[in-house]
Amino acid sequence: MSGSTRLSPNNPIFLSSSLHVDDARKAIADLVQELLFESNAMGMPNDIETVSLDQAINRILAKDLLSPTNVPAADNSAMDGFAFNGDCLDMGDAHITLKVIGTAYAGKPYKGSVGPGECLKIMTGALMPIGCDTVLPQEFTINQNPENISVIEFKRNQLQRGENRRLRGEDLQAGSPAVLAGRFLRPSDLGLAASLGIATLKVRRKLKVAILSSGDELRALGQDLVPGSIYDSNRYSLTGLLNRLNLEIIDCGIVRDDPNSLKLAFCEAAQRADVLISSGGVSVGEADYTKQIMQELGDVGFWKIAMRPGRPMAFGTLKPVSGKYPARKTLFFGLPGNPVAVMVTFYQFVRSALLQLNGASQTEVQLTQAITQEAIRKRPGRTEFQRAILGRALDGKPTVRLTGSQGAGILRSMSQANCFVILHHEQGNISAGDWVDVALFDGLL
Ligand code: AMP
Ligand code: MG
């Protein structure tokens with residue numbers, strides 16, 4: 001089935017009174033897949049760029065990063081201790097005594113060789129001296145005379161041959177992938193690349209994402225509020241959300257609830273952006289003229305999703321405006337206007353679509369579980385996202401507590417929260433003490 005058939009606003013699936021969140025996610029992933037396919041057919045011009053490591057955080061790796069060398073490059077010590085030849089461990093003596101003939105430092109290898117009955121003091125990371133294959137950790141030495149560190153003694157059964165030695169190529173063989181294409185690059189990946197001597201990475205170009213807020217009541221920061229008007233907050237939360245993904249933002253500002261202004265703004269986005277995210281103007285009553293415009297400009301479905309908050313949402317593509325090069329469609333998300341609904345629908349639908357469109361291999365938010373400290377009312381038949389704070393009980397178990405009133409417009413409860421409690425479609429009322437699924441806003445890496 002083609003994307004246009006599936007997403008037509010007239011298709012009964014997408015007019016159904018409530019679309020399951022999972023079905024919406026699936027439809028979005030399928031359409032993004034089609035866009036990728038069409039882009040590939042166009043040869044993806046300029047979609048990969050080379051950036052230095054200090055610019056690569058939160059970009060998406062475009063090609064497997066192959067290790068140019070073995071890591072480690074040579075056998076070395078994993079411990080501070082004493083390096084020796086493990087032959088003596090096979091000899092049956094309960095205690096072994098070795099003469100310390102020198103020291104091997106990291107970055108300053110020991111030049112000579114170590115014979116039977118001898119050992120070297122060795123530091124973590126120092127190359128294994130010739131003739132040595134085993135390292136005795138410092139703390140295993142017994143009867144150590146601080147006055148005389150020229151001899152060490154230890155119990156034979158505490159150690160086996162080869163222990164505490166890192167082998168050449170043990171972490172990575174030369175030519176093997178250190179980081180796979182599709183990785184949303186994290187600090188550790190940059191460190192890993194640097195450890196391999198690699199100064200630049202091939203990454204996906206930043207997606208261009210246009211944002212706009214629609215609503216006659218909206219005022220930009222700095223403007224005076226008249227009775228009934230409110231500040232436009234959605235563009236700022238969206239900017240924050242998009243900046244976390246390190247994308248290029250095209251701010252199309254506030255657009256009045258008027259078909260011509262909307263049409264102009266959508267055309268601008270279709271010309272300049274890979275993706276347009278609008279907020280407001282898709283609820284029942286407002287959606288009618290948005291629908292009309294969309295019939296002209298693209299192929300967009302108006303969904304009622306079985307979720308709370310965030311029920312109405314428009315989704316589809318805008319046709320490329322004539323002269324656009326390459327002539328790609330623009331992915332369109334028409335999010336509901338309520339400030340919390342914007343964030344919830346972004347986390348649920350937009351984030352993973354943006355990552356997928358930009359070639360990321362891991363696009364889903366990872367869930368964890370915690371025990372709810374309070375009962376939560378929940379109606380089966382829709383997915384609910386409650387703002388909450390993840391903590392820890394005295395017994396060490398993870399707990400979660402809601403951040404007060406959960407109205408779709410109440411940003412304060414979102415601002416205080418560090419996670420969503422996700423109550424799934426089929427779930428009913430939750431009792432205090434039940435385990436619930438939790439999606440954290442921030443990951444560590
Ligand atoms: P709508 O989806 O346009 O019906 O808007 C739903 C609610 O969200 C209304 O109370 C709007 O005033 C509010 N709203 C819409 N857009 C924004 C915005 N950009 N910033 C803050 N509130 C908004
Ligand atoms: Mg509105």
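A salt bridge is defined here as a side-chain nitrogen of Lys or Arg within 4 Å of a carboxyl oxygen of Asp or Glu. By this rule the predicted model holds 20 salt bridges. In this predicted model, local features need pLDDT of at least 70 and side-chain atom pairs count only at pLDDT 80 or more, whereas totals for chains, interfaces and linings use all residues. Residues are numbered from 1 along each chain as its sequence is written, chains are lettered from A and ligands numbered from 1 in the order in which they are written, and side-chain values use heavy atoms, with hydrogens and water left out.

Side chains of opposite charge can pair when their charged atoms come close. R25 and E364 form such a salt bridge, at 2.1 Å from N to O. R25 sits in helix α3 and E364 in the loop between α8 and β21, 339 residues apart. Helices (H or I, at least four residues) and strands (E, at least two) are DSSP runs, numbered from the N terminus. R25 is partly exposed at 21% relative accessibility, and E364 is partly exposed at 38%. Buried means under 20% relative accessible area, exposed over 50%, and partly exposed in between (1.4 Å probe, protein chains only).

D47 and R328 form another salt bridge, at 3.0 Å from N to O. D47 lies in the loop between α3 and β1 and R328 in the loop between β19 and β20, so the pair ties together parts 281 residues apart in sequence. Both residues are buried. D87 pairs with R161, with the closest N and O atoms 2.3 Å apart. These two loop residues are 74 residues apart. Shared partners join D47, R205, D274 and R328 into one salt-bridge network.

The largest nonpolar core has 48 residues, and I277, L331, F333 and L354 have the most contacts inside it. A nonpolar core is a set of buried Ala, Val, Leu, Ile, Met, Phe, Trp, Tyr and Cys residues joined through side-chain atoms within 4.5 Å. Helix α8 gives the largest share of this core, 12 residues. Domain 1 (12-47 + 206-357) and domain 4 (368-444) both contribute, so the core lies between them. Domain bounds come from an automatic or database domain assignment. Leaving aside neighbours within four places in sequence, I277 is in contact (heavy atoms within 4.5 Å) with residues including V209, L238, F333 and V350. Another core, of 23 residues, lies apart, with C252, V255, A265 and L297 among them.
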